[in-house]
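My entries follow in the order in which I made them.

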Amino acid sequence: MTTQNSLPMLGITGYSGSGKTTLLEKLVPQLTGLGIRVAVIKHTHHDVNIDKPGKDSWRMKEAGASQVIMTCDRRWAIMTETRQPVSLSYLAGQFDSALTDLVLVEGFKQEPIAKILLHRKGMEKTLPELDEYVIATATDYPLVQNLPDLNINDVPAVARFIQRWYEEKCGQKNENFAK
């Protein structure tokens, strides 16, 4: 699946405690070092609010604004109020294709996008069933399967796997890739 801006998406999925956020935190600089401009969508089951009561942006939301953009010299953020959840495709379409090559997605495990499924030997839950969108697993133990099994602790190897997948998905090497 790609976004409206034709940005490829790759899911990083697994049970809570499998290390999704930790792996993403380490993957982003590795992929950036390979010349891939990465954006991230993280799903959470908690109500997220980056506004603080009493601040100007919060006051505009409370006044009824459907969207508020906060900006400073080095960044901007847009906050959008929704009556219902929005689709992953819609969210990914909000990224600027001039600034992003690849969207990494944490969560959204039911979405029909390519995924790397994480699992750890010490987890109480067994490895989830692999659906047709899982392109690899990343574990801390060896798996015998028909898909690549990456070492979850070898982040540079996971990043190179993603780079190769990205090149195949896009049909060519990205001109931004480092040699």
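**Entry 1, salt bridges.** I looked up Arg 120 in this predicted model and found that, at 22% relative accessibility, Arg 120 counts as partly exposed. The side chain of Arg 120 meets that of Asp 140 in a salt bridge, with 3.9 Å from N to O. Arg 120 sits in the loop between strand 6 and strand 7, and Asp 140 in the loop between strand 7 and strand 8 (149-151), so this pair ties together parts that are 20 residues apart in sequence. Asp 140 is likewise partly exposed, its relative accessible area being 28%.

I then turned to Asp 131, whose salt bridge with Lys 115 has its closest N and O atoms 2.9 Å apart. Lys 115 belongs to strand 6 (114-119), while Asp 131 lies in the loop between strand 6 and strand 7 (134-139), and the two are 16 residues apart in sequence. I noted that Lys 115 is buried, because its relative accessible area is 2% and the cut-off for buried is under 20%, whereas Asp 131, at 31%, is partly exposed.

The next pair I checked was Asp 101 and Arg 37, which form a salt bridge at 2.7 Å, N to O. It links distant parts of the chain, 64 residues apart: Asp 101 is in the loop between helix 3 (88-92) and strand 5 (102-106), and Arg 37 is in the loop between helix 1 (20-33) and strand 2 (38-42).

How many disulfides does the structure hold? I found zero. I also looked up the accessibility of two cysteines: Cys 72 is partly exposed at 44%, and Cys 170 is partly exposed at 33%.

Strand 3 (residues 67-71) and strand 4 run antiparallel and are joined by five bridges, and a hairpin of four residues connects strand 3 to strand 4. Within this pairing I located Gln 67, which stands opposite Thr 80 in strand 4.

Which residues make the nonpolar surface patch of about 350 Å²? I listed Ile 69, Trp 76 and Ile 78. Of these I followed up Ile 78, which has its place in strand 4 (residues 76-80) and is partly exposed, with a relative accessible area of 40%.

Notes:
Residues are numbered from 1 along each chain as its sequence is written. This is a predicted model: local features need pLDDT of at least 70, side-chain atom pairs count only at pLDDT 80 or more; totals for chains, interfaces and linings use all residues. Side-chain values use heavy atoms; hydrogens and water are left out. Patches are made of residues with over 30% relative accessible area and no salt bridge: like charges are joined within 9 Å, nonpolar side chains (Val, Leu, Ile, Met, Phe, Trp, Tyr) within 5 Å. Accessible areas come from the Shrake-Rupley method with a 1.4 Å probe; for residues, only the protein chains shown count as cover. A salt bridge is a side-chain nitrogen of Lys or Arg within 4 Å of a carboxyl oxygen of Asp or Glu. Buried means under 20% relative accessible area, exposed over 50%, partly exposed in between (1.4 Å probe, protein chains only). Two strands pair if DSSP finds at least two bridges between them. A disulfide is a pair of cysteine sulfur atoms within 2.5 Å.
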